[in-house]
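Thanks for asking me to look this one over. Please keep the structure open beside you while you read my notes.

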Amino acid sequence: MKSPASDPRALLDALRAGTSLPDLPADTVETARALAREGHVATSAEVEALPEPLAAALLEASVLAGQPALAEGLSSSSLKPLAKLAKKALYRLRSRGVAVAEAPRPAPTESPIPASDALPALASIITGRGERALVLGRSIRGGGVEVVQALLTDEHGVIQLQLGEKGRGAWRRVIKEGLEQGGTMELPVHEAAALLAEAAGLNLRTHTPFPEGLDVALRHFGIQPQLEPTALPPPEPDDVRRSREGDLLHETSEMAAWLPPEPVVKRLLAKLDEVVVSPLALSDVQRQDQLQSAVASVAQDFFSPDMARRYALRLWRMADFFERTDRAREADVARGEARRLFHGADQPFSRFAERLFEKVLGLVAAAGARAEATAQRAPGAAPSGAREPTLSAEAAPSQERRSPGGLILP
């Protein structure tokens with residue numbers, strides 16, 4: 001049977017439960033039990049005096065409690081294994097949304113960077129496909145800037161990367177033009193480094209090969225891949241209210257274009273076709289109810305636990321963007337939806353998720369209305385009001401894209 005000493009979480013549980021731990025010195029175990037009490041915050045000096053397994057368990061306690069002080073203090077410990085554990089704890093805390101002070105990082109031997117010369121970074125917003133761009137720069141000898149431009153996805157990690165050098169003027173233009181294009185935000189370099197670390201860790205977990213230059217970029221910027229998946233804080237009591245407002249996120253210019261993946265859209269269109277071609281005599285209200293029911297069914301099937309967590313992290317990143325652009329309500333709603341999606345809260349079902357699919361129904365209806373208007377304006381068209389609008393294939397011009405059941409596709 002595996003010893004709890006090899007697993008920080010299991011060892012922490014054993015300490016708090018009073019379980020015997022014969023593999024560790026009895027005196028240090030008793031000291032660690034006292035430090036592991038719920039609500040107690042151990043100091044760096046207290047933890048450094050313990051064997052490494054017990055120190056790791058107390059770091060685990062600080063992460064679970066969302067308290068960064070211990071990890072911040074130990075990240076610069078002279079005990080290298082302990083400092084490494086503390087830095088991993090800081091990555092986990094930061095990825096959960098906990099404010100963490102930037103740990104002092106030794107300058108790369110290739111080109112030392114004065115702390116006062118830190119350069120800003122640039123990040124695009126995340127798309128509905130889970131993609132975003134990241135640009136980091138660091139000063140190098142001779143007055144230039146080493147530049148990393150990376151494309152990240154929340155499915156595979158870093159999928160493209162360019163590493164090069166620019167003059168100071170060219171670097172300033174990169175930042176200026178990036179911000180002018182919109183949909184981007186300026187970040188402190190340590191926050192951008194955390195995003196790159198998170199993505200590189202995803203490369204490792206999904207066995208996606210590093211693109212050329214990524215290992216060099218990580219080394220030059222002093223970045224270690226984040227080995228554990230990012231986690232979000234648990235839902236708050238008011239998140240149910242926030243979830244009922246989740247559809248407003250789709251009204252923002254940045255998220256208006258978010259749609260489900262194309263294979264899922266096709267699945268939804270097939271269900272809508274079934275309603276349209278149903279042999280049952282349905283009133284307009286009944287047909288609309290059935291269309292809405294089809295949307296809800298496909299949405300709930302799509303948001304499996306894994307998919308819900310992926311979209312939760314997208315919303316968490318968008319909340320940061322909304323906050324930085326002075327949209328507190330949108331940021332608040334996005335964080336509430338993110339926490340509930342990440343932790344599987346499905347009652348009531350996410351309005352953000354439902355609206356993601358309702359937009360497909362809206363686009364189909366709008367495309368059908370445009371086609372109907374075009375047909376009525378065409379030479380020889382029947383006068384307005386001469387016939388009921390229809391979704392049948394015969395009513396559409398030949399260039400229209402239609403589903404098998406006759407729905408006009410957006």
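This is a predicted model: local features need pLDDT of at least 70, side-chain atom pairs count only at pLDDT 80 or more; totals for chains, interfaces and linings use all residues.

1. The protein chain has 15 helices and five strands. Of its 410 residues, 45% are buried. If you take the contacts between residues at least 6 apart in sequence, 64% of them join residues at least 24 apart. The chain exposes about 20,900 Å², and carbon and sulfur atoms supply 54% of that area.

2. Now to the aromatic rings. How many aromatic pairs are there? The count is eight, taking rings as paired when their centres lie within 6.5 Å. In Phe302 and Tyr311, the ring centres are 5.9 Å apart and the planes meet at 75°, so this pair is edge-to-face, the cut-off being over 60 degrees. Phe302 is buried, because its relative accessibility of 8% falls under the 20% limit. Tyr311 is buried as well, at 2% relative accessible area.

3. Tyr311 has a second ring partner to look at. Its ring centre lies 5.1 Å from that of Phe303, with the planes at 55°, so this pair counts as tilted. Phe303 and Tyr311 are both buried.

4. Which residues do ring pairs link into a cluster? They are Trp258, Phe302, Phe303, Tyr311, Phe349, Phe352 and Phe357. When you display the model, I would show these seven side chains together, since the ring pairs make one cluster of Trp258, Phe302, Phe303, Tyr311, Phe349, Phe352 and Phe357.

5. Two arginines sit over ring faces. Arg314 lies over the face of Tyr311, at 4.5 Å from the ring centre. Tyr311 therefore has Arg314 over its face besides its ring pairs with Phe302 and Phe303. Arg335 lies over the face of Trp316, with 5.8 Å to the ring centre.

6. My last point is Asp332. Where does Asp332 lie? It is in helix α14, which covers residues 328-342. Is Asp332 buried or partly exposed? With a relative accessible area of 29%, Asp332 is partly exposed, because that value falls between the 20% and 50% limits. Leaving out residues up to four places away in sequence, Asp332 touches Arg241 and Arg242. Asp332 and Trp316 are 16 residues apart in sequence, and their C-alpha atoms are 9.9 Å apart in space.

Notes
Residues are numbered from 1 along each chain as its sequence is written. Side-chain values use heavy atoms; hydrogens and water are left out. Rings of Phe, Tyr and Trp (its six-membered ring) pair if their centres lie within 6.5 Å; planes under 30 degrees apart count as stacked, over 60 as edge-to-face and the rest as tilted. Buried means under 20% relative accessible area, exposed over 50%, partly exposed in between (1.4 Å probe, protein chains only). A charge sits over a ring if NZ of Lys or CZ of Arg is within 6 Å of the ring centre and within 35 degrees of the ring normal. Helices (H or I, at least four residues) and strands (E, at least two) are DSSP runs, numbered from the N terminus. Contact means heavy atoms within 4.5 Å. Accessible areas come from the Shrake-Rupley method with a 1.4 Å probe; for residues, only the protein chains shown count as cover.
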